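Have the sequence and the 3D view ready.

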Amino acid sequence: MSDTAQNTTTQKPKWIRVKLPTGKNYRELRGLVDKYKLNTICQSGSCPNMGECWGEGTATFMILGNICTRSCGFCGVKTGKPYEVDWEEPEKVARSIKLMKIKHAVLTSVDRDDLKDMGSILWAETVKAVRRISPGTTMETLIPDFQGIHKHLDRVVEVAPEVISHNMETVQRLTREVRIQAKYERSLEVLHYLKQAGQRRTKTGIMVGLGEEKDEVFRTIEEVREAQVDVITIGQYLQPTKKHLPVKRFVTPEEFEAYGEFARSLGFRHVESSPLVRSSYHAEKHIH
């Protein structure tokens with residue numbers, strides 16, 4: 001699930017409280033990100049957990065630019081015609097990770113449907129560069145669907161990141177409205193294929209509060225587990241701007257706990273389910 005900002009025009013319940021980013025580690029990382037002009041989804045998506053994650057030595061880097069070819073109704077990342085691929089980016093990201101002393105790096109990207117390989121070659125090169133330059137850093141790759149094309153997915157599996165993640169984002173009924181160019185069944189097939197192709201640990205994330213029914217959430221959790229996914233995150237959707245989909249409902253902590261308990265009962269290896277959870281929240285714990 002992409003990390004989205006709060007909509008200040010919506011009155012939020014008391015359990016939606018964002019901690020202001022503080023601490024020495026946070027300030028140091030922020031300085032390096034600004035200095036080297038790095039793209040992080042932590043900032044692009046105004047993630048509410050940025051201070052906590054950066055303070056723990058975990059950060060999410062966005063590769064392949066910061067302009068997406070898709071226009072999902074929930075996502076705060078810019079949409080339009082992307083810039084040319086920067087083939088020096090893998091080296092730059094890897095060196096930045098080493099310089100920043102990142103213990104666990106989450107790599108994600110915009111969708112690049114404009115490219116013949118959907119960006120999968122640069123994805124693989126980035127993982128290899130991090131392995132070479134910062135070998136002590138573990139990685140999660142939060143990938144697009146690559147339009148479900150197996151040879152593109154294979155490129156990421158072959159470089160063996162500790163976790164490969166692809167987000168379902170929402171329930172089947174709302175997928176066309178929320179994700180527009182994406183397909184619910186295709187995302188399920190991508191997750192299942194990753195496991196069949198030999199990926200040791202797979203992961204997905206969903207948002208709630210977009211108008212889904214409770215039974216739809218339970219069914220989505222079931223279908224994800226049937227695809228042999230190991231880790232699932234469930235969090236509250238927060239509207240990035242007035243132009244994005246509105247929050248239909250603030251889901252209570254009790255309901256999040258019920259989703260979490262249900263997921264654990266199905267055998268997921270790790271479950272994160274609470275209002276401020278985002279797909280990269282506590283990501284370092286998902287590799288163990």
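## Helices α6 and α8

Helix α6 passes helix α8 in a right-handed crossing (the near helix is turned clockwise from the far one by less than a right angle; the anticlockwise case is left-handed). Helices here are DSSP runs of H or I with at least four residues, strands are runs of E with at least two, and both are numbered from the N terminus. This is a predicted model, where local features need pLDDT of at least 70 and side-chain atom pairs count only at pLDDT 80 or more, while totals for chains, interfaces and linings use all residues. Residues are numbered from 1 along each chain as its sequence is written, and side-chain values use heavy atoms, with hydrogens and water left out.

The axes of α6 (residues 150–158) and α8 (residues 184–196) come within 10 Å and cross at roughly 50° (axes are lines fitted to C-alpha atoms over the stretch in contact, with angles from 0 to 180 degrees between N-to-C directions). That makes α6 oblique to α8 (under 35 degrees is roughly parallel, over 145 roughly antiparallel, 65 to 115 roughly perpendicular, and the rest oblique). On the α6 side, H150, L153, D154 and V157 meet E189, V190, Y193 and L194 of α8 (contact means heavy atoms within 4.5 Å).

## Helices α9 and α10

How do the axes of α9 and α10 cross? Helix α9 (residues 214–226) and helix α10 (residues 253–265) have axes that come within 10 Å and cross at roughly 30°, so the two are roughly parallel to each other. Their crossing is right-handed.

In α9, the residues K214, V217, F218, I221 and E222 meet E255, A258, Y259, F262 and A263 in α10.

## I63, in a strand

Strand β1 (residues 58–63) holds I63. Is I63 buried or exposed? With 0% relative accessibility, I63 counts as buried (buried is under 20% relative accessible area, exposed over 50%, partly exposed in between, using a 1.4 Å probe and protein chains only).

I63 and T126 sit 63 residues apart along the chain, yet their C-alpha atoms are separated by 8.5 Å. Beyond its neighbours within four places in sequence, I63 touches residues including V93, V110, W123 and T126.

## T137, in a loop

Look for T137 in the loop between α5 (120–133) and β5 (138–142). T137 has 3% relative accessibility, so T137 counts as buried. Setting aside neighbours within four places in sequence, T137 has contacts that include I97, H104 and R131.
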